[in-house]
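Look at the chain as a whole before turning to single residues.

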Amino acid sequence: DQNAINILKKVKYLLKDQGMTINGVKKILNSKESFKLDEMADKSIRTENLKNKLIKISEKIKKLKN
């Protein structure tokens, strides 16, 4: 469900983007600060998607130049 997806986004953001430990993530998710993470996690995922698209475009341009 959507709630599980939101939690997974937060976990990914905290582990991968912020370099936190699993125990640190648990503490934040169980605190009131968890609600503040929604917007940051969403932005992080959108940024990562954009980065991946730019890499693919760059690779295609390099192939066209060769």
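Accessible areas are calculated by the Shrake-Rupley method with a 1.4 Å probe, and for residues only the protein chains shown count as cover. On that basis the chain has an accessible surface of about 5700 Å², and 58% of that surface belongs to carbon and sulfur atoms. Of its 66 residues, 15% are buried, where buried means under 20% relative accessible area, exposed means over 50%, and partly exposed lies in between (1.4 Å probe, protein chains only).

This is a predicted model, in which local features need pLDDT of at least 70 and side-chain atom pairs count only at pLDDT 80 or more, while totals for chains, interfaces and linings use all residues. Residues are numbered from 1 along each chain as its sequence is written, and side-chain values use heavy atoms, with hydrogens and water left out.

The chain contains three helices and zero strands, so named from DSSP runs numbered from the N terminus (helices: H or I, at least four residues; strands: E, at least two). The order of elements from the N terminus is α-α-α.

Confidence is given as pLDDT, the predictor's confidence in each residue, from 0 to 100. The chain has a mean of 77, with 71% of its residues at 70 or more. Helix H2 (residues 22-29) has the highest confidence at 85, and H3 the lowest at a mean of 72. Where pLDDT is low, the predicted coordinates should not be read in detail.

Helix H1 covers residues 2-17 and includes isoleucine 7. This isoleucine 7 is partly exposed because its relative accessibility is 36%. Between isoleucine 7 and leucine 29 there are 8.2 Å in space, C-alpha to C-alpha, and the two are 22 residues apart in sequence.

Helix H3 spans residues 37-65 and holds isoleucine 57. With a relative accessible area of 47%, isoleucine 57 is partly exposed. A nonpolar surface patch is formed by Leu54, Ile57 and Ile61, which together have about 270 Å² of accessible area. Patch members have over 30% relative accessible area and no salt bridge; like charges are joined within 9 Å, and nonpolar side chains (Val, Leu, Ile, Met, Phe, Trp, Tyr) within 5 Å. A salt bridge is a side-chain nitrogen of Lys or Arg within 4 Å of a carboxyl oxygen of Asp or Glu.

Lysine 63 also lies in helix H3. It is exposed because its relative accessibility is 67%. Together with Lys53, Lys56 and Lys60, Lys63 makes up a surface patch of positive charge.

Technical notes
Lys and Arg count as positive and Asp and Glu as negative; His and the chain ends are not counted. The place of a charge is taken as NZ of Lys, CZ of Arg, CG of Asp or CD of Glu.
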